[in-house]
Amino acid sequence: MTTVTTPLPPRTASGIRRLARAAASSVAATAVSQGALLALLTTGGAPALASAVAFSAGALLNFLVTRRWVWGRTGRPRVRRELLPYVAVIALGGFVSISLTALAGHVLAPLALPHGLWVILIDGAYVSAYALVFLVKFTLLDRLVFAQAAARTPATTSRS
């Protein structure tokens, strides 16, 4: 009997395709979070609360889509290997986004801008923050959270 190193199946997509799929799923998640953000801001919600709710709405969709479509993972997610590291990575991105959105709200508050313009500027800060952290998040998710290592499996070989 011989032990053979058998790599796990390759990821479902090349690096560029994975990046494009991750970007597409981020756009979808951003659309969901934008809907929540704009709904809360236009009804008088505070920027920090509105961006936190928006972030949460987009994060759930993004996890479900990227796990399956971008990294080819199926079945129940492994809590310690996938879910908790994913939450840590996106929480960092969410913290940056929420902080920048709240900062924009704080800076814009004394300007007495028309409400519509204020909403557009707060929304711009929210989207800009997500654009800034997208590549960092993708790299961390790709290299740490959803990385696949080679597995060692015993295999029998026939002797010639």
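A cavity is a set of grid points where a 1.4 Å probe fits but cannot get out, and its volume is the space filled by probe spheres set on those points. The model examined here is predicted.

**Exercise 1.** Determine the volume of the largest cavity and describe its lining by residue and class.

Step 1: helix 1 (15–42), helix 2 (47–70) and helix 4 (115–145) each supply at least two lining residues; helix 4 gives the most, with four.

**Exercise 2.** Classify the ring pair F63 and Y86 by its geometry.

*Solution.* Step 1: four aromatic pairs occur in the structure.
Step 1: the ring centres of F63 and Y86 lie 4.7 Å apart and the planes stand at 55°, so this pair is tilted.
Step 2: F63 belongs to helix 2 and Y86 to helix 3 (residues 79–108), so the pair ties together parts 23 residues apart in sequence.

**Exercise 3.** Classify the ring pair W71 and F146 and state which cluster contains these residues.

*Solution.* Step 1: with centres 4.8 Å apart and planes at 20°, the pair is stacked, since planes under 30 degrees apart count as such.
Step 1: W71 is buried at 2% relative accessibility, and F146 is buried at 1%.
Step 2: W71, F134, F138 and F146 form one aromatic cluster.

Terms used. Residues numbered from 1 in each chain as written. Predicted model: local features only at pLDDT ≥ 70, side-chain atom pairs only at ≥ 80, totals over all residues. Heavy atoms only, no water. 1 Å grid on protein atoms, 1.4 Å probe; cavity = no way out; pocket = protein on both sides within 12 Å on 5 of 7 lines; lining within 4 Å. Nonpolar A, V, L, I, M, F, W, Y, C, P; charged D, E, K, R; others polar. Phe/Tyr/Trp six-rings, centres within 6.5 Å; stacked < 30°, edge-to-face > 60°. Buried < 20%, exposed > 50% of the residue type's maximum accessible area, 1.4 Å probe, protein only.
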